[in-house]
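Open the model in your viewer and keep the sequence beside it. Each stop below says what to select and what is there.

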Amino acid sequence: MAVTLSIANHHASLPIGYRLYLPKEWADDAARRKKAHVPTAIKFTTKPQIALDQIREACAAGVPRGVVLMDASYGSNSALRAGVSALGLSYVASIVSTVKVRAASDRDASEPRMSVKELALGLPKHAWRTITWREGSAVKLRSRFARVQVRTAPIRRAAERAEETLLIEWPEGEAEPTKYWLATLDKKISFRRLVDIAKMRWRIERDYQDLKQEIGLGHYEGRGWPGFHHHGTLCIAAYGFLVSERETIPPSGPRTAAQFQTLALPTGHRPRGAADPARAPRPELDRHHAPKSDRRLRQKPRTMSLLRTPKQPDQIDALVTQ
């Protein structure tokens, strides 16, 4: 299992962190480590700790900062969420239904401590809204959502927890809510924008399918630490190249000659048929006369009729990418 960090937008995603997770029994086994060429600097580290290290490295490297998205196996880890906040980053973290919270109010301490599932089931009907967040391959994607301001309520030090937005999805026809997120975005953010950000993980999941199936990321069959990461690096680099190439294909973007540098003409270049500007000192020796525009015997040549295609109303003069 590899822990990964990807950068993403609505059009594409690309892993920028990729590291193999070693279980403790593997990390503590000297014979296995030697056989698999695991570097001595690699110690046992949990998956959330690896993820936080990758985020720290990305920040230190100057990667543009965005909202951190996490699936439930990472988002349910309170230490990881706290570490992301300590870096000055906001997050939308998927969580499991058993995470305990209290509804945020002026009397937080007196609010009952309950799981997010219990809170969701107790919400009034008017708390739920149908939100459409993007166009799918065939139909618009929509579902029912509710959002509530809460504070997470662990057994210890609950009073120190900041207020967060709990986002809940309960699709029509389902017996109970299906997904939960905790978000540290501005609570005034529009409902649709909040849902759109939470759902952006589909982009990463889709690209990982292509990475594994089309590029071969999941086809590694070796037993060595260097080989595993070498294979992953090459696959990710190849996919990054394909993403870059895809951006130049309409309608994503026009392939134009502007991608290539215009070559400078050499000194003294003279187009074929042009008069030589450097004439000989004696005119009678100059043999580079400029050709006439019309060297035919007729002084007034006939005009030639041309067939022109009329411009259609729906024709466009430029391709615009946005």
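Which residues of α8 are buried? This is a predicted model, and α8 covers residues 201-215. Select Arg 203, Ile 204, Asp 207, Tyr 208 and Leu 211: these are the buried residues of the helix. Now look down the axis of α8. The buried residues fall within an arc of 130 degrees, so they line one face of the helix. An α-helix has 3.6 residues a turn, so residues three or four places apart point the same way.

Next, show β1 (2-8), β2 (13-20) and α9 (225-246), against which the buried residues of α8 pack. Turn to the other side of α8 to find Gln 213 and Glu 214, both exposed.

At 1.5 Å a residue, its 15 residues should span 21 Å, and the end C-alpha atoms lie 20 Å apart, which agrees. Just after the helix, select Gly 216, where phi is positive, about 95 degrees.

Move to His 37, in the loop between α2 (30-36) and α3 (47-60). Its phi is near 60 degrees, a positive value in a residue other than glycine. Most residues other than glycine have a negative phi. His 37 is exposed, with a relative accessible area of 56%.

The largest nonpolar core has 33 residues, of which Val 84, Leu 119, Leu 166 and Ile 168 touch the most other members. The largest share of this core, six residues, comes from α3.

Technical notes. Residues numbered from 1 in each chain as written. Predicted model: local features only at pLDDT ≥ 70, side-chain atom pairs only at ≥ 80, totals over all residues. Heavy atoms only, no water. Helix = DSSP H or I, 4+ residues; strand = E, 2+ residues; numbered from the N terminus. Buried < 20%, exposed > 50% of the residue type's maximum accessible area, 1.4 Å probe, protein only. Expected span 1.5 Å × (residues − 1). Arc of directions from axis to C-beta. Contact = heavy atoms within 4.5 Å. Core = buried A, V, L, I, M, F, W, Y, C linked by side-chain atoms within 4.5 Å.
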